[in-house]
Amino acid sequence: MEKRVTFKGWLLPLLLITPQVVVTAVFFFWPAGQAIYQSAFIPDPFGLKSQFVGWGNFQFIFTDPYYLASFKTTAIFSLSVTIVSMGVALWLALMADRIIKGAATYRTLLIWPYAVAPAIAGVLWLFMFNPRIGVVSWYLDKIGYDWNHVLNSNEAMLLVVLASAWSRISYNFLFFLAGLQSIPKSLVEAAAMDGAGFWYRFRTIVFPLLSPTTFFLLVVNIVYAFFETFGVIHTITAGGPQQATNIMVYKVYSDGFVGQDLGSSAAQSVVLLFVVGLLTILQFRYIEKKVHY
Amino acid sequence: MTTISLKDVKKSYGKLRVIHGVSVDIHDSEFIVVVGPSGCGKSTLLRMIAGLEDISEGEVCIDGKVVNHLEPMDRNIAMVFQNYALYPHMSVFDNIAYSLKIAKTPKSEIKQRVQETAELLQLGDYLHRKPRQLSGGQRQRVAMGRAIVRRPSVFLFDEPLSNLDAKLRVQMRLEIKRLQRKLGITSVFVTHDQVEAMTLGDKLMVLNDGRVEQFGTPVDLYQKPGSVFVAQFIGSPSMNIVPVSEGQRLPNGAVVDHMVRSPQHAGELSLGIRPEHIDIDPTSDVRLLIEMAEQLGANTLIHGVLEGSTAPLVVSMPGLHTLQSLDASIGLRFQPENCHWFDTGSGNRL
C-alpha cells in the first residue's frame with residue numbers, strides 16, 4: 001500500500017511544478033547553457049562575429065598566472081569570511097542566549113545589519129577606512145599606523161573580508177541563537193551538575209549538538225562568500241590593488257565586461273559552475289554524515 | 001554522612017512568591033519525597049537544593065555548611081531529570097563517564113567504575129549504544145548510572161518515573177528504593193504521584209502552593225493527616241470530607257453515629273473518613289444513594305450521595321459488586337476510631 005498522498009493524474013502535478021521549472025530554466029539552465037556554449041568561442045569586442053576555438057579559452061585561463069592566483073585569493077577570502085562571520089555570530093549568540101533582561105531588544109539590534117545590502121555595506125566600510133577621510137584610518141593614523149588599502153594588498157583583503165563578514169553576522173547569529181535555544185536546557189543543567197564549567201560544556205555538549213546548524217551555515221556562508229560578495233568587492237576595491245582581492249566571481253565580471261574578453265569570461269563561469277557543484281556535493285556527501293548524532 | 005537542612009527557604013520571581021518559607025531537616029541516608037500537585041513549587045525547591053535556581057531568602061545547608069552561593073558542581077550533588085537529560089551524541093559509556101572525565105579520574109578507574117555501575121543497573125550489554133537506541137526504562141537506568149557513578153553525597157530526583165508506563169514505573173520504583181537502601185545516600189525525590197510518594201519515602205513532605213502542609217512518615221500522613229488537603233491528597237481513593245453540623249448531623253440531618261464524638265470546637269466542622277473505613281450496616285439511618293460502582297478486583301468502589309442531600313461519598317466494599325447486585329441505597333456505619341475532624345474554615349486538623 002502506498003502510504004503517501006499521491007496525485008491521480010499527471011496534468012495537475014505538472015501544472016503545479018511549471019512555475020519553478022520555468023524560473024529555473026530561464027534563470028539557470030539558459031544562462032548556464034549560454035556560458036558553456038560561449039566558452040568555446042572568441043567573439044570580437046562588438047559581438048558581431050565569433051570564432052570557434054574549442055578548449056582554447058580553457059587552455060588560456062589555466063595557463064594565466066592571474067587566473068590561478070584568483071583561485072588562491074578566492075580560497076583565502078571565502079575561508080576568512082566564513083570563519084570570521086560564523087565565529088563572531090556564534091560568540092554573540094552564546095552571549096545573547098545567557099542574558100535575560102532586555103534580551104528581545106538586544107537580539108533585534110543584532111539582527112538589523114542583515115537588512116543592509118552588500119553594496120551599501122561596502123560603501124559604509126569604504127568611508128570608514130578611506131585612507132584620506134575615513135574615521136577609522138584617522139584613528140589608526142593617531143596611533144601611528146598608516147592605513148592605505150588602496151596600495152596595500154593585505155589591508156585591502158582584510159577590509160573586504162571584514163565588510164563581507166559583517167553583513168553576514170546577523171544571519172548566522174539568528175540561526176545559531178535558534179540552534180542554541182533548541183538544545184534542551186536540562187542537558188546543559190545536567191552537565192553543570194556533573195561538574196562541567198561553561199567552556200567545557202560548550203565544547204562537549206553545546207557545540208556537538210549545534211553541529212547540524214553549523215554545517216548548514218558553513219555551506220550557506222561559503223556559497224555567499226563565493227558569489228554574493230560581488231557588491232562589496234566592487235564598491236571597496238574593484239578587485240585591486242594588483243588583483244589582490246580579485247575573487248573568481250569578480251574576475252568573471254571584470255574580464256568579461258571591463259576587459260571585453262567574453263570567451264575567457266564564459267570559460268571562467270563554467271569553471272565556477274563546476275567548483276560550486278563539487279563543493280556542494282562534497283559537503284553534503286561527506287560532512288553531513290558526520291554531523292548526525 | 002550527609003545531612004541537608006533548609007531554613008525558611010523562599011523563592012520569588014519578581015513580585016510573585018512561589019515558595020513561602022520551607023524549613024526541614026533531612027538526616028543522613030534518609031529518603032525524602034516531596035509531593036504535591038502540579039505547580040506547587042516542588043521542582044523549584046529541588047532545583048534550589050541543586051543550585052540550578054537562586055535562593056531568594058533563607059538558607060540551604062549541606063552537612064551544616066551554607067551552600068546558597070555554591071555552584072551546582074561544588075555541592076557534590078547528583079540529579080536525575082524528568083526527561084533523563086542524557087547526552088544524545090554520546091554512548092551510554094560516555095554518558096556515565098562524563099563526570100569522571102571532568103574530575104580527571106584515571107582512565108583505568110573510569111572504566112572500572114562505569115563497569116561496576118553498569119553491572120549494578122544491568123546495563124552491561126548496552127554500554128556502546130546511543131541513548132536513542134534504548135527503551136524508556138533503559139534510559140532511566142542510564143540516568144541513574146550517571147548519578148551513581150560519581151558517588152555523590154546527595155541524590156536529587158525530579159519526577160524521574162513520570163515518563164514510564166505504569167508497569168515499568170512500579171518496577172523502577174522498587175529498583176530506586178533498593179539502590180538507595182544499598183548505597184545509603186541521602187535523597188530527595190519529587191513527584192506528584194502519591195502512591196510513589198507513599199511507597200518510596202522514609203518521610204514525606206506535602207507541598208501545596210509553596211507551603212509545607214505536612215512533613216512526616218507515610219503512615220503518619222495517612223493516619224493523621226494535618227489538613228483537609230493532605231487528607232485528600234494522600235491515599236487512593238481519596239478521603240471523603242463531609243460537613244457536619246451541631247449534634248453530629250450529616251447534611252441530610254441524620255446523626256453520624258452515637259459512637260462518634262466530635263471535638264469541642266466553635267467553628268464549622270468537617271468529618272473526614274476514608275472509603276475503606278465505612279462499613280455496611282442495613283439498620284443505619286445514614287443511607288447512601290448509589291450512583292456508580294467501580295470494580296477494582298479485590299474490592300468495589302461505590303460512588304453515591306448521602307440520601308436527602310447532595311453530599312458525595314465513596315465507599316469501598318470488599319468483593320465484587322455491580323449496580324444490579326446492590327440495592328438502590330445502602331446503610332452505612334462510619335468506624336468511630338477512623339473519623340478525622342477538621343475545621344471547615346482553615347482546613348486544619350482538630
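This is a predicted model: local features need pLDDT of at least 70, side-chain atom pairs count only at pLDDT 80 or more; totals for chains, interfaces and linings use all residues.
## A walk through chains A and B

Residues are numbered from 1 along each chain as its sequence is written, chains are lettered from A and ligands numbered from 1 in the order in which they are written, and side-chain values use heavy atoms, with hydrogens and water left out.

The size of an interface is often given as the accessible area lost when the parts come together. Here the area buried between chain B and chain A is about 1800 Å², and carbon and sulfur atoms give 65% of this; buried area is the accessible area (1.4 Å probe) that two parts lose on being put together, summed over both. On the chain B side, the residues that lose the most area to chain A are Met73(B), His89(B) and Tyr98(B), together 30% of what that side buries.

Side chains of opposite charge can pair when their charged atoms come close. Across the interface of chain B and chain A there are two salt bridges, a salt bridge being a side-chain nitrogen of Lys or Arg within 4 Å of a carboxyl oxygen of Asp or Glu. Arg150(B) pairs in this way with Asp194(A), their closest N and O atoms lying 3.8 Å apart.

Which elements of chain B face chain A? Helices (H or I, at least four residues) and strands (E, at least two) are DSSP runs, numbered from the N terminus.

Chain A has twelve helices and two strands, in the sequence pattern α-β-β-α-α-α-α-α-α-α-α-α-α-α. Its C-alpha atoms fill a box of roughly 75 × 75 × 30 Å along the principal axes.

Now to the sheets of chain B. Strands of a sheet pair through backbone hydrogen bonds, either parallel or antiparallel; two strands pair here if DSSP finds at least two bridges between them. Six strands of chain B form an open sheet in the order β6-β7-β8-β3-β9-β10, with mixed pairing. The edges are β6 and β10 (211-216) of chain B, each with a single partner strand, so one side of each is left without a neighbour in the sheet. From one strand to the next the twist averages 15°. Within this sheet, β7 (residues 154-158) and β8 (residues 186-191) of chain B are parallel and share five bridges, with Asp158(B) partnered by Val190(B). Helix α1(B) packs on the sheet, touching β3 (31-35), β6, β7, β8 and β9 (203-208) of chain B, and its direction makes about 150° with that of β7(B). Axes are lines fitted to C-alpha atoms, for helices over the stretch in contact, and angles run from 0 to 180 degrees between N-to-C directions.

Another open sheet has three strands in the order β11-β12-β18 (chain B), with antiparallel pairing. Five bridges join β11(B) to β12 (residues 269-273) of chain B, and Val242(B) has Leu271(B) as its bridge partner.

Elsewhere in chain B, β1(B) and β4(B) run antiparallel, joined by five bridges. Glu57(B) also forms a salt bridge with Lys10(B), the closest N and O atoms being 3.7 Å apart. Finally, a cis peptide bond joins Ser236(B) and Pro237(B), with omega about -5°; Pro237(B) lies in the loop between α8 (228-233) and β11 of chain B.

Technical notes: Contact means heavy atoms within 4.5 Å.
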